[in-house]
Amino acid sequence: MVKKILSIALWVITAAALVVLFVFARENYLNRPLQSIQLITETDTGFVRKAEVREELWQQCGSKKIGTVDMVKLQKHLDGNPWIASNTSYIDLDGTLKVSYEEYEPKFRVFGKNGRSVYVTEEGVVIPTSRLYTPYVMVASGNFDIDNDKEAYTLTDTLESHRNLINALTWFKAIEANDFISSSVGQIYCNARNEFELTVKDIDARVIVGDTCLAADKLKRLEIFMKQRPSAESKNMKSINLNYKNQIVCTKR
């Protein structure tokens with residue numbers, strides 16, 4: 001019986017000692033100053049300058065005690081960067097703030113009718129341009145309403161002003177899905193009637209594709225047309241209209 005009591009007492013004392021050690025270690029850790037900041041990213045498109053982000057974060061929490069670093073405020077600051085899609089952060093046992101983030105990857109640039117321009121990602125997120133970096137991507141121009149060119153936002157089909165941007169994204173995806181066409185198309189254009197046209201290599205004529213209905217089929221017909229028609233003959237055409245089912249309507253100059 002005495003041995004059992006001693007055994008229980010020993011376990012209680014050991015547990016209490018471990019708790020005390022844990023509390024002491026935690027307090028010691030929280031009272032240590034932040035040592036450094038490490039930025040980690042799997043995508044590096046060029047919009048985000050690591051040195052600038054590191055300096056901004058260091059101004060907020062550099063040399064502060066680890067326990068006083070406001071991680072929520074830090075994350076909100078990163079969320080406010082229009083070129084960062086997502087981020088997570090933590091402080092390791094060595095006192096290093098580790099920030100992992102993912103940048104948006106633009107797929108094409110849109111120049112609106114008001115002179116503003118933005119980039120659009122494959123997921124339909126609009127992101128602003130940057131004076132520091134200009135990626136080489138496809139261009140869309142024409143009848144686009146761009147009211148916000150400072151923040152990142154997701155396109156939604158419930159807004160009429162987003163309709164042409166969403167349609168441009170649909171055309172971009174259709175073009176990218178066709179290897180031959182993707183190597184030939186240089187620009188997407190939306191005219192005043194909200195019809196889409198393409199600028200195509202070796203073709204001076206207006207290539208009219210209209211709305212996004214049967215987009216892949218229209219591009220397949222354009223591919224067949226380009227492979228069968230000599231480029232010299234195509235240069236004599238004023239327009240090539242694919243906006244008719246199973247037809248290609250051409251007009252000469």
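Is E160 buried or exposed? E160 is exposed, at a relative accessible area of 57% (buried is under 20% relative accessible area, exposed over 50%, and partly exposed in between, with a 1.4 Å probe and protein chains only). The structure is a predicted model, in which local features need pLDDT of at least 70 and side-chain atom pairs count only at pLDDT 80 or more, whereas totals for chains, interfaces and linings use all residues. Residues are numbered from 1 along each chain as its sequence is written, and side-chain values use heavy atoms, with hydrogens and water left out.

Ten salt bridges were found in a search of the whole structure (a side-chain nitrogen of Lys or Arg within 4 Å of a carboxyl oxygen of Asp or Glu). One of these joins E160 to R163, with an N to O distance of 3.4 Å. R163 is partly exposed, at 38% relative accessibility. A salt bridge of 2.6 Å, N to O, is formed by R206 and E197. In this pair R206 is partly exposed, with a relative accessible area of 38%, whereas E197 is buried, at 10%.

Within helix α6 (residues 215-228), E223 and K227 lie four residues apart, about one turn of the helix (helices are DSSP runs of H or I, at least four residues, and strands are runs of E, at least two, numbered from the N terminus). The two side chains form a salt bridge in which the closest N and O atoms are 2.7 Å apart. K227 is exposed, with a relative accessible area of 54%, while E223 is buried at 8%. Both residues also belong, with K220, to a network of salt bridges.
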